[in-house]
Every structure is written in structure tokens, then in C-alpha cells.
Amino acid sequence: MVIFGWRTTIQQLMMLTLTCGHCHHQAAHSLVKRYTKPTIFFIPLFTISRKYGLQCTFCGVAYDISTVHARQLGAHV
């Protein structure tokens, strides 16, 4: 029997002060990178998905951003 699954890891890259598009407050935003990897017997194999996102610390809304936008914000891609 083979145990197969997925593992998503979230890495915080930096904190930025931006104006939130949802609540319109100037607040800190967390820039994160999410990796998704398939696993066999709980051992991660290789990255199949890499996404970037921002989360407002004032209202809590989170949304995905493109790799180009993350690079413009200063993330080391």
C-alpha cells in the first residue's frame, strides 16, 4: 500500500505597508509564497505549484497576486 498526498507550505517573504483594496485602510500586508508538493509516505517530492499572495493585517482579506507583481513588490523570486 502506497500512501500518497499533497503538502502545501507557506513562507512569509516580507511585510509591506500598502492600502488595502478591500477595506481602504493603509495597513501592513504580509507577502507570502505557497508551494504545493506531492508526497509519498509523507516525503515531499517536487514543487508542482508556486503562488504568491498578500494578506491585509487590518481586515484579514487575502488574495493571490502574480509572480510579476510579487517581484515588483520586492520579493526574491
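**Cysteines, strands and side-chain pairs**

Author: Gladly, and let us begin with Cys56, which is buried, having a relative accessible area of 2%; buried means under 20% relative accessible area, exposed over 50%, and partly exposed in between, with a 1.4 Å probe and protein chains only. Please keep in mind that this is a predicted model, in which local features need pLDDT of at least 70, side-chain atom pairs count only at pLDDT 80 or more, and totals for chains, interfaces and linings use all residues. Residues are numbered from 1 along each chain as its sequence is written, and side-chain values use heavy atoms, with hydrogens and water left out.

Reader: How many disulfides are there?

Author: A disulfide is taken as a pair of cysteine sulfur atoms within 2.5 Å. By this rule the count is zero disulfides. Cys56 is in none, and its nearest cysteine sulfur is 3.8 Å away, in Cys59.

Reader: Which cysteine holds the sulfur closest to that of Cys59?

Author: Cys59 is partly exposed, at a relative accessible area of 35%. Its sulfur lies 3.8 Å from the closest cysteine sulfur, which is too far for a bond; that closest sulfur belongs to Cys20.

Reader: Which residue in the turn of the β1 and β2 hairpin has a positive phi?

Author: The hairpin has six residues between β1 and β2. The positive phi, about 60 degrees, belongs to His24.

Reader: In β4, what is the bridge partner of Tyr35?

Author: β2 also runs antiparallel to strand β4 (residues 49–56), with eight bridges joining them. In β4, Tyr35 has as its bridge partner Arg50.

Reader: Which residue in β3 does Ile40 stand opposite?

Author: Two bridges join β2 to strand β3 (residues 43–44), and the two run antiparallel. They form a hairpin with two residues between them, where Phe41 in the turn has a positive phi of about 55 degrees. In β3, the residue opposite Ile40 is Ile43.

Reader: Is Thr36 buried or exposed?

Author: Thr36 sits in strand β2 (residues 26–40). Counting contact as heavy atoms within 4.5 Å, and leaving out residues up to four places away in sequence, Thr36 touches Trp6, Arg7, Thr8, Phe46, Thr47, Ile48 and Ser49. With a relative accessible area of 18%, Thr36 is buried.

Reader: What does the salt bridge of Arg34 join it to?

Author: A salt bridge is a side-chain nitrogen of Lys or Arg within 4 Å of a carboxyl oxygen of Asp or Glu, and the count comes to one. Arg34 lies in strand β2 and its partner in strand β5 (residues 62–65), so the pair ties together parts that are 30 residues apart in sequence. Arg34 itself is partly exposed, at 22% relative accessibility. The closest N and O atoms are 2.5 Å apart, and the partner is Asp64.

Reader: What is the angle between the planes of Phe4 and Trp6?

Author: Rings of Phe, Tyr and Trp (its six-membered ring) pair if their centres lie within 6.5 Å; planes under 30 degrees apart count as stacked, over 60 as edge-to-face and the rest as tilted. The count comes to one aromatic pair. Phe4 and Trp6 form this pair, 5.6 Å centre to centre and edge-to-face, the angle between the planes being 70 degrees.

Technical notes:
Helices (H or I, at least four residues) and strands (E, at least two) are DSSP runs, numbered from the N terminus. Two strands pair if DSSP finds at least two bridges between them.
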